[in-house]
Amino acid sequence: MTDKTGILADGAIHALFAARGLISASALDPDQVQPASLDLRLGPKAYRVRASFMPGPGHRVADKLERLKLHEIDLENGAVLETGCVYIVPLMESLALPSHLSASANPKSSTGRLDIFTRVITDFAQEFDKIPAGYHGGLYLEVSPRTFPVVVRRGSRLSQIRFRAGHALLTESELLALHEAETLVASERPNISGGGIALSIDLQGAGPDGLIGYRGKHHTAVIDVDRKAAHDIYDFWEPLYSRGSGELILDPDEFYILVSREAVHVPPLYAAEMTPYDPLVGEFRVHYAGFFDPGFGHAGAGGAGSRAVLEVRSHEVPFILEHGQIVGRLVYERMMEPPGALYGAGSGSNYQAQGLKLSKHFRTP
């Protein structure tokens, strides 16, 4: 037991694996551990299910799978997961956490940018993506592609997990002090409320063409989640350009890639997360993939000027976004110790110094 609080860094995640608090049938991939998180790998089987479900107290995921599964899919050689379907995939990793460690999960950045809805489930869970302190048991991933059908296989990494000891979240006063010292978002008058620091939307665009974002196309070919730069942007995306009004109408059931107006900075001794939905900012959901690792946007790691890419969906009605409108909030947590490598300093960092950027699967035009 330790009295120290904070997010576990890469060295501590490796130590957790060595101590069997994090368990896998095979060794970790060389780039699987990130500065403040661990990528989770799909196991060899997926199960198409009738509907999403929560196990609830007293129930294991495997027991509910037996009742709800429609068929079993072999992932060893790759398989297509179709849009509009719900799949449950047992993960290669399982946990035997000590009593002082809890965890939370989020889709990886590339997963969110493909509009693949994912949530980690544990036995006896009453919440998605939340793993209670001291949890012993398997991990399962609910996967539901929303816009594009995807090819996945054993070992594909769609989600990531963050481990924490105690309560590490910064208060609003601590957040303001850190912003004044480190400039967390490039704003002269930051909006700090609701436990986080606000980000707004850029609808003016950069460059001569005024590109402001992309809208996903329907009825496309499949995307292989493990292949970089393998797909043509225009086969999957419709570019959106500024028309001078500073407005964009979000259509229901459409998926948009947009970008924050502010550059974001996560100092080396902190980790951040974007809250996925705030009912105070409008009838839409923003940013499925919420983890920002230490060093994101940090000048010393080559990230000066990094923007937050936003994955946006409207709800039941069309909604007008306006340039500069608040679309989400970043919350910050303390690291328990400095990471061995900052985000952007390693080969696994695909989005350092980014502006408006699609996932790594698409070729730059």
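**Exercise 1.** Are Asp115 and Arg313 buried or exposed?

*Solution.* Start with the basis: this is a predicted model, in which local features need pLDDT of at least 70, side-chain atom pairs count only at pLDDT 80 or more, and totals for chains, interfaces and linings use all residues. Residues are numbered from 1 along each chain as its sequence is written, and side-chain values use heavy atoms, with hydrogens and water left out.

Step 1. Apply the cut-offs: buried means under 20% relative accessible area, exposed over 50%, partly exposed in between (1.4 Å probe, protein chains only). Asp115 and Arg313 are both buried.

Step 2. Check the pairing. Their side chains meet in a salt bridge at 2.6 Å, N to O. The term requires a side-chain nitrogen of Lys or Arg within 4 Å of a carboxyl oxygen of Asp or Glu.

Step 3. Asp115 sits in the loop between helix 3 (109–113) and strand 9 (116–122), and Arg313 in strand 25 (residues 307–314), so the pair ties together parts 198 residues apart in sequence. Helices (H or I, at least four residues) and strands (E, at least two) are DSSP runs, numbered from the N terminus.

**Exercise 2.** Describe the salt bridge between Asp31 and Arg157.

*Solution.* Step 1. The N to O distance is 3.1 Å.

Step 1. Asp31 lies in the loop between strand 2 (22–24) and strand 3 (38–41), and Arg157 in strand 13 (residues 157–165), so the pair links parts that are 126 residues apart in sequence.

Step 2. Asp31 is partly exposed, at 36% relative accessible area. Arg157 is buried, at 18%.

Step 3. Widen the view. Both residues belong to a salt-bridge network that also links Asp29, Asp39, Arg41, Glu93 and Lys108. The structure holds 21 salt bridges.

**Exercise 3.** Which residues have the most contacts inside the largest nonpolar core?

*Solution.* Step 1. Such a core is a set of buried Ala, Val, Leu, Ile, Met, Phe, Trp, Tyr and Cys residues joined through side-chain atoms within 4.5 Å.

Step 1. The largest has 51 residues, and those with the most contacts inside it are Leu38, Leu95, Ile131, Leu139, Ile161, Phe163 and Trp237.

Step 2. A second, separate core has 32 residues, including Leu170 and Ile201.
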